[in-house]
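I open these notes to record what I looked up in the structure.

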Amino acid sequence: MTLTAWVNGRFLPLAEACVNVEDRGFQFADGVYEVLVCFAGVFVDLEAHLSRLQHSCNTLAIPFPLPAEEMKAVLHEAYSRNPFDHAMVYIQITRGVAPRAHRIDTIPKPTMVITVRELPEPSVQQVTHGATAITRPDIRWKRCDIKSIALLANVMGKQEAAQLGADECFWQDERESILEGCSSNALALINGTLVTHPLDHQVLGGIARSMILRLAAEHDIPVEERAWRLDENGLSECMMCSTTDAVMPVCHINGHAVCDGKPGPVSMMLRQAMLDEFNALRQTRQEIAS
Ligand code: PDD
């Protein structure tokens, strides 16, 4: 399939899609993004992603490029031109093109790009044996609640993890509390309660995170949003979650097994519950279509 991208109002082959070298996204990482998944034409949590995108734009005073309904129409059109059964849809909005200067004197027209790719299959190794992580002191900026395209620290953390044979790098604050991963939120089961860092400037309000907290509550698993550490008594499972990977058990951290080093029952139950929701979404769509 020839991939098609949407750039500032036009669909064109991905290989021909380009933006100006003076785009502030390129010059200053002055922009925001979203990653969504779409199963057989059904976007998962579209409203939540669009409202987070709107929040990111508002916080940085980047005008939202399209009215919400037009944005949805463009996303559906982008999907229909790249109709993977399991698709990953990327939206990037930057402040736009202007001669390079930090100060913003005139507000340029924002640049918006949408690309669609096939969502990679989850790693069998990760699903059956659990993922692995390292921990590092948080070197990121203090507005991680904004889904900014400035991801250099995240790239460095992920790369260091990969070089050490791990899947993710969890950022820790100065008290060694686990904040989140480079491209995921982090959770733990502690004395039977699902614990994750509260939403503040140090973590992204993940869409998968909200879904998991809701699913846990629906399955009578108590949920607590508080700072947590790996050395807490009663910690029996760790997991990470994101739109693209759902929830994954994390069974080895810094080379040490988390409990018995095997995916725990709650992680696996939550993963299954999430996948069941995705399947239910697909089925609703197929029923409407038939
Ligand atoms: N990243 N925290 C960070 C730092 C992230 O980059 C992500 C997602 C998440 C999870 O958010 P969500 O559940 O909304 O996907 C948490 C995406 C997938 C990425 O950068 O590719």
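**Entry 1: helix H2**

What covers the buried residues of H2? I note first that the model is a predicted one. I find that the cover includes strand E3 (31–39), strand E4 (42–43) and strand E5 (86–94), together with helix H3 (68–81) and helix H6 (207–218).

I then listed the residues of H2 that are buried: Leu46, His49, Leu50, Arg52, Leu53, Ser56 and Cys57. They lie on the same side of H2, because the arc they cover around the axis is only 160 degrees. I recall that an α-helix has 3.6 residues a turn, so residues three or four places apart point the same way. On the other side of H2, I find Glu47 and Asn58 exposed.

I also checked the length of H2. Residues 46–59 make 14 residues, which at 1.5 Å a residue should span 20 Å; the end C-alpha atoms are 20 Å apart, in agreement. Just after H2, I record a positive phi of about 55 degrees at Ala61.

**Entry 2: Glu34**

Is Glu34 buried or exposed? I find Glu34 buried, because its relative accessible area is 0%, and the cut-off for buried is under 20%. Glu34 is found in strand E3. I looked for a polar partner and found the side chain of Arg52, joined to that of Glu34 by a polar contact of 2.8 Å. Arg52 is itself among the buried residues of H2.

Not counting residues up to four places away in sequence, Glu34 touches His49, Arg52 and Leu53, and also Val89, Tyr90, Ile91 and Lys147.

**Entry 3: nonpolar cores**

Which residues have the most contacts inside the largest nonpolar core? I find Met71, Leu75, Ile91, Ile93 and Ile114, in a core of 27 residues. The elements that give two or more residues to this core are E3, H2, H3, E5 and strand E6 (111–118). H3 gives the most, with five residues. Apart from this core lies another, of 23 residues, and I note Val44, Ile212, Cys241 and Ala273 among them.

Leaving out residues up to four places away in sequence, Ile91 touches Val32, Tyr33, Glu34, Leu36, Leu50, Leu53, Leu75, Met112, Val113 and Ile114.

**Entry 4: Ser148**

Where is Ser148 found? I place Ser148 in the loop between strand E7 (131–137) and helix H5 (152–163). Ser148 is buried, with a relative accessible area of 7%. A polar atom of the Ser148 side chain lies 2.8 Å from the backbone nitrogen of Ala150. With neighbours within four places in sequence left aside, I find Ser148 in contact with Ala29, Gly31, Val32, Tyr33 and Trp141.

**Entry 5: the whole chain**

I count seven helices and 15 strands in the secondary structure of the protein. Of the 290 residues, 48% are buried. Among contacts between residues at least 6 apart in sequence, 70% join residues at least 24 apart.

How does the radius of gyration stand against that of a compact globule, and what is its value? For 290 residues a compact globule would have a radius of gyration near 19 Å, and the protein has 20 Å, which agrees. Along the principal axes, I record a box of roughly 55 × 55 × 30 Å filled by the C-alpha atoms.

Key. Residues numbered from 1 in each chain as written. Predicted model: local features only at pLDDT ≥ 70, side-chain atom pairs only at ≥ 80, totals over all residues. Heavy atoms only, no water. Helix = DSSP H or I, 4+ residues; strand = E, 2+ residues; numbered from the N terminus. Expected span 1.5 Å × (residues − 1). Buried < 20%, exposed > 50% of the residue type's maximum accessible area, 1.4 Å probe, protein only. Arc of directions from axis to C-beta. Contact = heavy atoms within 4.5 Å. Polar contact = N/O pair within 3.5 Å; in protein donor to acceptor, adjacent residues only side chain to side chain. Core = buried A, V, L, I, M, F, W, Y, C linked by side-chain atoms within 4.5 Å. Rg over C-alpha atoms; globule rule 2.2 N^0.38 Å.
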